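Hi there,

Here is the structure I promised to pass on to you. Please have a look, and then read on for my notes.

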Amino acid sequence: MSRFFATGSDSESEESSSADEITPKAPGTTFKQSLLLSDDEEDTKRVVRSAKDKRFEELTNLIKTIRNAMKIRDMAKCLEEFEQLCRAFLKSKNIVDKEGVPSFYIRLLADLEDYLNQLWEDKEGKKKMNKNNAKALSTLRQKIRKYNRDYETEIAAYKENPLESADEEEEKEPEDSGSSSESGGEGDEDGVTAKAFLKKKPEAAPEASKFLKSAKGSGDESSSSDDDDNDEDWGSDTVDSGSESSDEEGGGKSESLAVVFLKKTQETEKSEKKIGKKKKPKKKERLEEEAEEEMGDDPEGGWEKVKGGVPLVKEKPKMFAKGTEINTAVVVKKLNEILQARGKKGTDRAAQIELLHALAGISAEHNLGQGILVKIKFNIIASLYDYNPNLAAFMKPDMWKKCLDCIDELLDILFENNNIFIGENIAEDSENLGISDQPFRVRGCVLTLVERMDEEFVKIMQNTDPHSQEYVDNLKDEGRVCGIIDRLLTYLEAKGSTEEICRIYLRRIMHTYYKFDYKAHRRSLGLQGESKSEQDQEESEGEDSAVIMDRLCKFIYAKDRTDRIRTCAILCHIYHHALHSRWYQARDLMLMSHLQDNIQHADPPVQILYNRTMVQLGICAFRQGMIKDAHNALLDIQSSGRAKELLGQGLLMRNMQERNAEQEKIEKRRQVPFHMHINLELLECVYLVSAMLLEIPYMAAHEFDARRRMISKQFHHQLRVGERQPLLGPPESMREHVVAASKAMKMGDWRTCHSFIINEKMNSKVWDLFPETQRVREMLVRKIQEESLRTYLFTYSSVYDSISMQTLSEMFELEIPTVHSIISKMIINEELMASLDQPTQTVVMHRTEPTSLQNMALQLAEKLGSLVENNERVFDLKQGVYGGYFNRDQKGGYQQKQSYQRDQKGSYQQKQGGYQRGGYRNQNQSNY
């Protein structure tokens with residue numbers, strides 16, 4: 001037993017009236033007397049507590065730690081302690097089943113969930129968090145939401161009346177300790193009083209809180225405390241045990257009780273002083289709740305709760321002094337007063353918007369004309385855009401809806417009144433806002449407002465989680481945005497300048513070019529006869545997107561004077577053609593525009609659009625079976641290894657060190673919204689399959705060529721990665737499928753290659769994403785058969801003296817004319833040294849290929865030649881004379897230059913057959 005309990009506290013000794021009077025001994029004296037009876041047992045005797053007390057104390061300690069971590073925003077600590085708390089609560093399941101879930105545990109769960117939700121909504125706070133805290137926050141938020149599902153009813157009850165549940169918890173503490181002492185018997189009395197002693201200071205808080213709460217009501221605090229004391233067990237009251245010990249020493253019972261009573265009052269007074277400050281906020285909350293209840297009880301609703309400060313909105317009725325004549329000049333003056341505060345520090349932007357709305361209402365009420373109303377609407381929309389001073393921030397949903405409504409209202413006014421002229425070139429002095437015979441003249445540009453609206457829509461889409469329902473809801477607004485653009489387009493076609501029409505046409509193009517026109521596609525396939533709703537039929541009867549794009553783009557080509565708008569229109573037009581499989585139109589437009597020559601001088605958004613167009617062009621070529629064109633179009637994007645970044649679909653983490661925070665913000669603003677993304681896996685698959693169909697036959701044809709060039713570095717890299725695998729299992733990813741298909745094609749096994757490229761997994765990942773899926777698959781099978789045949793002939797031609805075309809046709813399931821065509825092309829291009837025997841339909845091979853020994857000798861001669869050349873260059877650089885060895889007389893002497901240097905036309909003189917180098921043959925000819 002610790003000696004700590006054997007001595008009274010200092011505060012108690014100071015509070016006693018004098019040392020000579022009979023004073024109640026500290027609670028520890030009972031322990032001391034009992035312990036002095038048996039000195040041998042002093043070290044062995046220990047406090048015995050009930051299982052309930054142990055478990056609940058463990059829970060409360062963990063809860064305190066969690067609350068401390070919440071105060072300092074240490075999410076990692078919160079997560080760790082919450083996991084411990086869950087384990088501790090699981091251990092005390094038997095006790096909880098008997099007693100019920102403790103209220104302090106429910107209170108923590110509710111508070112913790114609210115706290116985490118508040119932190120989650122604080123975007124700025126999340127950005128400032130370090131990596132561990134941010135990760136712990138998201139993990140803990142998920143865990144608490146999942147965990148709280150089991151306690152929804154208890155948490156709901158707590159949230160309905162949090163104060164009552166808190167009071168219940170405080171009242172239960174002494175009762176719990178009393179019940180545990182009862183169950184413990186006499187032997188447990190020591191343990192209970194020790195616990196009470198430790199918890200003496202916290203116990204003052206509930207009493208003080210009761211006192212504060214009762215002050216509001218009946219004020220009968222003494223009677224309630226007496227009742228509580230009577231209800232409580234004697235074993236749990238530390239002061240009563242102290243009075244008992246004083247009675248045993250012979251003191252008068254009445255005196256000890258009086259002293260105890262006095263001491264208690266002193267304690268309560270002190271605790272009131274200490275806790276009064278802490279309880280003030282709760283008191284305020286309670287008063288506010290009472291005020292709300294009174295407001296609810298008031299049938300007339302005459303009272304209204306107001307915030308501190310100057311309520312600007314309240315000035316709406318007092319916008320003009322009494323008796324002021326409301327006319328155009330007065331309203332314009334007031335409008336200028338409101339606008340002067342715009343942009344100044346401390347200006348309430350929301351209040352400013354409300355004031356402008358009120359001013360618009362007043363002008364409409366007094367029939368001041370549409371001119372002043374249009375000017376006010378211009379300023380309302382501008383104020384909505386200025387609501388977020390930060391350029392990177394996006395508009396909140398309510399502001400966005402208001403903005404769309406205001407622009408619609410403005411366009412309604414402009415369409416209804418043809419006598420309103422607006423423009424940026426109208427000076428403020430020459431504005432005509434009043435009602436007169438002359439038309440209204442208002443300074444402003446509705447096109448600029450609509451362009452800014454379009455940019456805000458893009459920002460909203462960029463800053464919304466693309467995998468959430470919110471993104472889908474925001475995307476539904478695009479129909480409204482396009483509707484506004486169409487209305488403005490109609491208005492500007494009648495009243496706008498050529499430059500303005502080109503700008504609005506480009507906005508319309510940017511909302512059309514990336515969308516696949518399914519209705520036009522179905523119409524072209526002849527599927528129009530199916531039953532549809534009237535709305536669908538009306539839409540399908542409308543103008544095709546191809547016709548719209550053609551009309552808008554051609555106007556820009558003819559009328560635009562700025563290179564940027566024309567460049568963007570051309571790229572969008574090419575993209576739209578490629579998306580709808582119009583390969584030849586797209587290719588011709590790209591070649592005629594010569595954009596590839598100077599696109600590096602364009603601004604980054606235009607370069608991103610160019611990259612997207614080239615990718616779409618490559619995918620279109622692949623769908624049409626133009627494998628080489630597809631590979632060439634995709635080569636630049638895929639070989640860089642930064643396809644995601646070049647297409648504006650995200651930032652690469654490995655390049656984060658190269659850019660600072662400001663550059664990163666700029667890069668993020670250039671990103672393309674998620675619904676416009678190109679599938680990167682599909683893009684890579686198309687590129688790798690194209691590379692496979694080109695590279696495998698080329699590798700088979702130039703197997704022994706030392707200077708064989710690579711068509712696709714990325715494809716070779718994937719092959720090397722596949723070869724390095726220690727254990728080759730069945731392919732899982734898209735890349736592994738392509739590598740496995742390549743290995744099968746190398747052997748001329750087209751069926752295995754076909755099974756790896758076209759199967760259920762690859763269909764779901766890639767091929768089913770194309771509009772005409774079946775046609776693409778058929779084209780792929782055909783290409784695999786043809787290229788496998790070419791590879792087979794390159795690889796095994798040295799084995800055959802002759803081979804029947806009928807056999808080849810059966811092996812590769814190709815028609816005999818197709819086989820004949822492929823072999824003829826190979827012979828004409830001198831890729832295959834053979835001749836066709838027409839009567840027998842066989843291919844007769846010619847033995848002109850060098851043997852493996854000859855190939856190795858050629859490689860050795862080439863390497864020795866390069867070694868000599870490098871050696872001489874190093875020597876001549878030291879001597880200061882270059883080319884001494886190679887500048888000897890050309891007629892005689894050394895013929896090294898002729899022998900070992902490649903001819904200028906190409907690496908191999910294939911016209912005369914074989915794979916011998918030009919220098920090697922020239923040397924033989926000169927010797928003879």
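Let me start with a question: does Glu-409 count as buried, partly exposed or exposed? With a relative accessibility of 34%, Glu-409 counts as partly exposed.

Before going further, please keep in mind that this is a predicted model. The average pLDDT of the protein chain is 76, and 70% of the residues score at least 70. Where pLDDT is low, the predicted coordinates should not be read in detail.

Now to the salt bridges, of which the structure holds 41. Glu-409 is part of one of them, as its side chain meets that of Lys-377 at 2.3 Å, N to O. This pair links distant parts of the chain: Glu-409 sits in helix H19 (residues 397–416) and Lys-377 in helix H18 (residues 370–386), 32 residues apart.

A second salt bridge joins the side chains of Lys-668 and Glu-664, at 3.4 Å, N to O. Both residues belong to helix H33 (residues 661–669), and because they are four residues apart there, about one helical turn separates them. Lys-668 is partly exposed, at 46% relative accessible area.

The side chains of Arg-751 and Glu-813 also form a salt bridge, at 2.9 Å, N to O. Arg-751 lies in helix H37 (residues 750–757), while Glu-813 is in the loop between helix H40 (805–812) and helix H41 (816–828), so this pair ties together parts that are 62 residues apart in sequence. Arg-751 is partly exposed at 44% relative accessibility, and Glu-813 is partly exposed at 46%. There is also a network in which salt bridges with shared partners join Asp-405, Asp-408, Asp-412, Arg-480 and Arg-487.

Leu-860, Leu-864 and Leu-867 make a nonpolar surface patch of about 310 Å². Of these residues, Leu-864 is found in helix H42 (residues 852–879) and counts as partly exposed, with 45% relative accessibility.

Best wishes

Terms used: Residues are numbered from 1 along each chain as its sequence is written. This is a predicted model: local features need pLDDT of at least 70, side-chain atom pairs count only at pLDDT 80 or more; totals for chains, interfaces and linings use all residues. Side-chain values use heavy atoms; hydrogens and water are left out. Patches are made of residues with over 30% relative accessible area and no salt bridge: like charges are joined within 9 Å, nonpolar side chains (Val, Leu, Ile, Met, Phe, Trp, Tyr) within 5 Å. Accessible areas come from the Shrake-Rupley method with a 1.4 Å probe; for residues, only the protein chains shown count as cover. A salt bridge is a side-chain nitrogen of Lys or Arg within 4 Å of a carboxyl oxygen of Asp or Glu. Helices (H or I, at least four residues) and strands (E, at least two) are DSSP runs, numbered from the N terminus. Buried means under 20% relative accessible area, exposed over 50%, partly exposed in between (1.4 Å probe, protein chains only). pLDDT is the predictor's confidence in each residue, from 0 to 100.
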